[in-house]
There are 2 protein chains.
Amino acid sequence: MDYIQILGLLAAVLTTGANLPQAYKVIKTRSTKSLSAISFAMLFLGSITWVIYGIYRNDIPVMLANGLAGTLHGIILFIKLTAKNQK
Amino acid sequence: MDYIQILGLLAAVLTTGANLPQAYKVIKTRSTKSLSAISFAMLFLGSITWVIYGIYRNDIPVMLANGLAGTLHGIILFIKLTAKNQK
């Protein structure tokens, strides 16, 4: 693995892993007022589309990274849409 | 352009474009309470890393998509960190 691949891997870990603290915060606090439902719906659909793209391309990293990200986007979107009082 | 490329392009448009409604909402309402600062810091750093990766790989779409996403992540992070009252 050369240093450009390491850079790409680092970028992927950062942008995929970034969903974890946001999902954790939303699950723990149920605070979703500042979140854009449209944004998370687009992220959710986009991640699913990336997974399908990864399946067609036989690209395991694309499938795994977006499978994880999409799951977290889906959880955040679900809590946002079902929250009775937006706080 | 075959249908797999169109699928990838659609995925990229969705996950990159998803940052626009979130940035718009934060700029307009200044509401950042529900946002995770760690998450947006990771997204910001991750996007910059993707841009550098794109420059090394001579990959214009990766540079452009992450340049736009990173700018929006940076704006959201800046408002989150400088907001006096988290609402």
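**Notes on the predicted model**

1. Helix α3 (residues 37-57) of chain B is the element that gives the most to the nonpolar patch, with four residues; helices here are DSSP runs of H or I with at least four residues, strands are runs of E with at least two, and both are numbered from the N terminus. This is a predicted model, in which local features need pLDDT of at least 70 and side-chain atom pairs count only at pLDDT 80 or more, while totals for chains, interfaces and linings use all residues. Residues are numbered from 1 along each chain as its sequence is written, chains are lettered from A and ligands numbered from 1 in the order in which they are written, and side-chain values use heavy atoms, with hydrogens and water left out.

2. The nonpolar surface patch itself, of about 500 Å², is made by Y3(A), L45(B), I48(B), I52(B) and Y56(B). Patches are made of residues with over 30% relative accessible area and no salt bridge, with like charges joined within 9 Å and nonpolar side chains (Val, Leu, Ile, Met, Phe, Trp, Tyr) within 5 Å; a salt bridge is a side-chain nitrogen of Lys or Arg within 4 Å of a carboxyl oxygen of Asp or Glu. I52(B), found in helix α3 of chain B, counts as partly exposed because its relative accessibility is 35%, where buried means under 20% relative accessible area, exposed over 50%, and partly exposed in between (1.4 Å probe, protein chains only).

3. A patch of positive charge on the surface gathers R30(A), K33(A), K87(A), R30(B), K33(B) and K87(B); Lys and Arg count as positive and Asp and Glu as negative, with His and the chain ends not counted, and the place of a charge is taken as NZ of Lys, CZ of Arg, CG of Asp or CD of Glu. Of these, K33(A) is found in the loop between α2 (19-29) and α3 (37-57) of chain A, and K33(A) counts as partly exposed, at 37% relative accessibility.

4. T15(A) lies in helix α1 (residues 3-17) of chain A and is buried, since its relative accessible area is 18%. Leaving aside neighbours within four places in sequence, T15(A) is in contact (heavy atoms within 4.5 Å) with L43(B), G46(B), S47(B) and W50(B).

5. For chain A overall, the secondary structure comes to four helices and zero strands, and the C-alpha trace spans about 50 × 25 × 15 Å along its principal axes. Buried residues make up 45% of the 87 residues in chain A.

How values were computed. Accessible areas come from the Shrake-Rupley method with a 1.4 Å probe; for residues, only the protein chains shown count as cover.
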